[in-house]
There are 2 protein chains.
Amino acid sequence: MTIAEKIIINDVGPRDGLQNQAKTLEPQQRLALIQALLNAGVKHIEVGSFVSPIAVPAMRGTADIVAQLPTGDFHFSALIPNFKGYELAKVAGMNTVSLVIAASNSMNKKNINMSNAEVLSFATEVLGRSRSDSMNTLACIATAWECPFEGLVAEQTVIDLCTTLFAAGAPEVVLADTIGAASPAQVKSLMSKLVAQFGAKRLSCHFHDTRGMGLANVYAAVECGIRKFDAAIGGLGGCPFAPGASGNVATEDVVLMLNQMGYDTGINLANLIQAADLVAAQTGSLTNAGSTKWIKRQIEKGVFKLNASS
Amino acid sequence: MTIAEKIIINDVGPRDGLQNQAKTLEPQQRLALIQALLNAGVKHIEVGSFVSPIAVPAMRGTADIVAQLPTGDFHFSALIPNFKGYELAKVAGMNTVSLVIAASNSMNKKNINMSNAEVLSFATEVLGRSRSDSMNTLACIATAWECPFEGLVAEQTVIDLCTTLFAAGAPEVVLADTIGAASPAQVKSLMSKLVAQFGAKRLSCHFHDTRGMGLANVYAAVECGIRKFDAAIGGLGGCPFAPGASGNVATEDVVLMLNQMGYDTGINLANLIQAADLVAAQTGSLTNAGSTKWIKRQIEKGVFKLNASS
């Protein structure tokens, strides 16, 4: 390719990542992590969640963080589990919210204590309000390949859910392998069908590295035409309903692979590793990324350099 | 697929893996590892190297190991760096030898102190002798994507090398990303050309996980039609000329992914993890496999069970 095609990385570390760490960070620490990501050129970041601070202490103070975010060509989103969360996000000044609809009934019940029908009704209502509020909404289909309680999810279930969400006005649907269970063959199978039906531009993917297949799944989705991915700095994350699961696919692994494949992620790996080191120090957790050691050696050798702006 | 298509896994842990570990194992320990792999259903194993025990102490006593290998439907190979090694392998009773031809001159010089022309002359001569000796020969093209000294390798160089090796009678050529530098886009680009020209049946691939892309590369090659892969139990390995490089792509990672993709590897994951635990105990090194934690949880839960024969 002569002009590099763009791929968007949405770092969900400050939300999906930190929410599943043993150690709870202070809002100012979470803001520092967001700033480190911005400094690396990450422009899409899930900054937090508007959820009860009693239910999820790790996301306490998200509104304070939002109030301190810089303005500019940035795409910040926050998770909302219910209408109250939606209103709080709106009041805080968010332009984008994300909501999670699991493809399986059991996961919806465990995750937000709603049935499939209730979740869909909630999502449809939020999508309607979003339009009148000029709020952007990312509709995330969780357990799109496999549910920890119900097992494999039928592709038709996910296709039907996408149809419903797009019909309700969703600008974008995120297909999430919440517990990191999919193989690249399963990713190719589902994503090729969804891309054929809905087009690649309205779809993005979210993978976890539980079985070591995270990057292979990203590659399989890229081959299907997907050009937007969730990832978490340092491979942070997990799933409360998949004990011991590894985290999200690591942003640095994804960026290294996509940059090397000739795509333009706009992200500087040397700066990104600073963000990974920061969150490792903040949480006391080692990074889960497979590429860290190699990237650090390139930084030492001067092959990968910090952005001048940093 | 109704009848699962077979994919062959050739475990190079007892050679490429152990040769690059800090700790040298005794021949009986290496034999125990080979037996653990056989017990898991691995039928293709690189059991050692017929090389000077002074130059490579880790491979001392390979003939003793070969003398104790079981007979049956097994495909044992041993690396030979020169004619002396070839003769020793023949005397020891090996049916298959592997030889390494780097795609770059500098790597050949560093690896076996021969120029490209000398290595090709050696390979051609071995392939000729192999035919009269009924010896099977695996011709491995090292640094097929990138050389640590010369950088990116031109695809045409590798295509020409394959042409020469097949013309000289090579039954099979192994494309090796010796330092773990290739991205899946580069794997797809080269392997699709090689498969178009030579057919997938005579080609196999060998990946390292240095940049975390090992499994993505395996998947890319599978998509090109490749049905035989090198891998090393526990992700053992490295490269003396790529300091700090992670090891070979881990057998357990590859098997988990391919089994889940519906291919028949013939390998039992519960037994395979026993082999990984054994070599971790033997070498004092932790496993590098990304899937180990998840596989172990499935074993605890009884999802993956040991073979009755074990």
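Two strands are taken as paired if DSSP finds at least two bridges between them. On that basis, in this predicted model, eight strands of chain B close into a barrel in the order 1-2-3-4-5-8-9-10, with parallel pairing. In chain A, too, eight strands form a closed barrel, in the order 1-2-3-4-5-8-9-10 and with parallel pairing. Helices (H or I, at least four residues) and strands (E, at least two) are DSSP runs numbered from the N terminus.

Residues are numbered from 1 along each chain as its sequence is written, and chains are lettered from A and ligands numbered from 1 in the order in which they are written. Because the model is predicted, local features need pLDDT of at least 70 and side-chain atom pairs count only at pLDDT 80 or more, while totals for chains, interfaces and linings use all residues; side-chain values use heavy atoms, with hydrogens and water left out.

**Barrel of chain B**

- Neighbouring strands of the chain B barrel are turned against each other by 30 degrees on average, direction ignored; axes are lines fitted to C-alpha atoms, for helices over the stretch in contact, and angles run from 0 to 180 degrees between N-to-C directions.
- Strand 1 (residues 8-11) of chain B runs parallel to strand 10 (residues 228-231) of chain B and is joined to it by four bridges; B:I8 has B:K228 as its bridge partner in strand 10.
- Strand 1 of chain B also pairs in the parallel sense with strand 2 (residues 44-49) of chain B, over two bridges, and B:N10 has B:H44 as its bridge partner in strand 2.
- Strand 3 (residues 75-79) and strand 4 (residues 96-102) of chain B run parallel and are joined by two bridges, with B:A78 opposite B:V97 in strand 4.
- Helix 7 (residues 155-167) of chain B lies across strand 4, strand 5 (136-142), strand 8 (172-176) and strand 9 (203-206) of chain B, at about 155 degrees to strand 8; contact means heavy atoms within 4.5 Å.

**Barrel of chain A**

- In the chain A barrel, neighbouring strands are turned by 25 degrees against each other on average, direction ignored.
- Five bridges link strand 2 (residues 44-49) and strand 3 (residues 75-79) of chain A in the parallel sense, and A:H44 stands opposite A:H75 in strand 3.
- Helix 2 (residues 27-39) of chain A lies across strand 1 (8-11), strand 2 and strand 3 of chain A, running at about 170 degrees to strand 2.
- Helix 10 (residues 251-260) of chain A packs on the sheet and touches strand 1 and strand 10 (228-231) of chain A, its direction making about 175 degrees with that of strand 1.

**Interface between the chains**

- In chain B, 28 residues are in contact with 28 residues of chain A.
- The two chains bury about 2,400 Å² between them, 58% of it on carbon and sulfur atoms; buried area is the accessible area (1.4 Å probe) that two parts lose on being put together, summed over both.
- B:R211, B:Y219 and B:Q260 supply 25% of the area that chain B buries against chain A, more than any other three residues.
- Two salt bridges are counted between chain B and chain A, a salt bridge being a side-chain nitrogen of Lys or Arg within 4 Å of a carboxyl oxygen of Asp or Glu.
- A:E223 and B:K188 meet through their side chains in a salt bridge (2.6 Å, N to O).
- Helix 8 (184-198), helix 9 (214-223), helix 10 (251-260) and helix 12 (292-300) of chain B each supply at least two residues of the side that touches chain A.
- Helix 9 of chain B gives the largest share of that side, five residues.

**Salt bridges in the whole structure**

- Over all chains, the search finds 26 salt bridges.
- Within chain A, the side chains of A:E146 and A:R211 form a salt bridge (3.6 Å, N to O).
- A:E146 lies in strand 6 (residues 146-147) of chain A and A:R211 in the loop between strand 9 (203-207) and helix 9 (214-223) of chain A, so the pair ties together parts that are 65 residues apart in sequence.
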